[in-house]
Amino acid sequence: MFSGLAEALRIDPGVLIDSVLLKPYEETGFLTPSTDIPAEDLGELNAYKDTIEKESFDQDAVALRYLQEVLRNEQTGETSVEDIDWRRFTFSRASLEKANVLPRYARCIEVKGNSMEPMLKDGSLVCIDTKDIAVADGMVYALDHAGQLRLRVVYRLPGGGLRLRCFNREDYMDEEYDQDEIGKQKIKILGKVFWSSTFW
C-alpha cells in the first residue's frame with residue numbers, strides 16, 4: 001500500500017508508517033529516517049532560514065496608529081479627533097529610540113491643506129509623541145481644537161495663554177488664546193511632532 005506512494009515521492013516506506021525526522025535528501029539521495037524522535041516532539045517549524053534576521057526585523061518594525069479627524073454630524077459639520085486602530089504606519093523602532101519616543105506613545109497624522117507649507121505639504125505624514133505635551137516655544141504640535149485636528153507652531157503666552165502659528169503666514173494669521181479661551185475653545189495639545197515626510 002505504501003510502497004507505490006513512497007516510490008513516487010522518493011520516500012522510504014518506513015517514513016509513512018513511523019512519522020519520524022528525515023535526513024536531508026542531499027545526503028542520501030532518498031529521504032530516510034535518521035532518528036526515532038516522533039514528529040509531534042519536534043516543535044514548531046520556522047519558515048525563516050535565518051532566525052537572527054527574523055528576530056531583528058520583528059524588533060525593529062513598529063506599527064504606529066493614526067490620529068484622524070472623523071465627521072460626527074454631516075448637518076452641523078461636527079468632527080472629533082479619533083485614535084484609529086485599523087490604519088497603521090510601519091516605523092523603525094531604532095528611529096523611535098533615537099528620538100527618545102516610546103512606541104506606545106507615537107501616533108501618525110496625515111497633513112491636510114496648505115497651512116503648514118512649505119515645510120509640511122498636503123498629503124505628507126508626521127509622527128507625534130503623545131507623551132510630550134509640555135509646550136516648548138517654536139516647536140510644532142498636534143492639537144485637538146474643538147474636534148478639529150490641527151498642526152501648529154506653538155508659543156506660550158504670559159498667564160497660561162498660547163499663540164498658534166502656521167508656516168504659511170501669508171494665508172494664515174497668528175491665533176492667540178488666553179487661558180480662559182483655551183478652555184472655551186476646547187483646545188488640547190495632543191503631542192509634539194518628532195518626524196515628518198513630505199511629498200513633492
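Predicted model: local features only at pLDDT ≥ 70, side-chain atom pairs only at ≥ 80, totals over all residues.
Residues are numbered from 1 along each chain as its sequence is written, and side-chain values use heavy atoms, with hydrogens and water left out.

On confidence: pLDDT is the predictor's own confidence in each residue, from 0 to 100. The chain averages 81, with 70% of its residues at 70 or more. Residues 18-57 fall below 50, and that stretch has 45 contacts beyond near neighbours in sequence, a contact being heavy atoms within 4.5 Å.

Okay, aromatics. Rings of Phe, Tyr and Trp (its six-membered ring) pair if their centres lie within 6.5 Å; planes under 30 degrees apart are stacked, over 60 edge-to-face, and the rest tilted. We have four such pairs. Take Phe-89 and Trp-195: the centres are 5.8 Å apart and the planes at 35°, so that's a tilted pair. Phe-89 is in strand 4 (residues 78-92) and Trp-195 in strand 11 (residues 187-197), 106 residues apart; strands here are DSSP runs (E, at least two residues), numbered from the N terminus.

Then Phe-91 and Phe-194, with centres 6.2 Å apart and planes at 85°, so edge-to-face. This pair also links strand 4 to strand 11, 103 residues apart. Is Phe-91 buried or exposed? Buried, at 7% relative accessible area; the cut-offs are under 20% for buried, over 50% for exposed, partly exposed in between (1.4 Å probe, protein chains only). Phe-194, at 23%, is partly exposed. Phe-89, Phe-91, Phe-194 and Trp-195 form one aromatic cluster.

Now the charges. A salt bridge is a side-chain nitrogen of Lys or Arg within 4 Å of a carboxyl oxygen of Asp or Glu, and the count is 13. Strand 11 comes back here: Lys-192 bridges to Asp-132 at 3.2 Å, N to O, with Asp-132 in the loop between strand 6 (125-129) and strand 7 (139-145), 60 residues apart from Lys-192.

Glu-175 and Arg-150 meet at 2.5 Å, N to O, joining strand 10 (residues 175-177) to strand 8 (residues 148-157). Glu-175 is buried at 18%, and Arg-150 is buried at 10%.

And which residues make up a network of salt bridges? Arg-65, Asp-83, Asp-85, Arg-88 and Arg-107.

Methods
Helix = DSSP H or I, 4+ residues; strand = E, 2+ residues; numbered from the N terminus.
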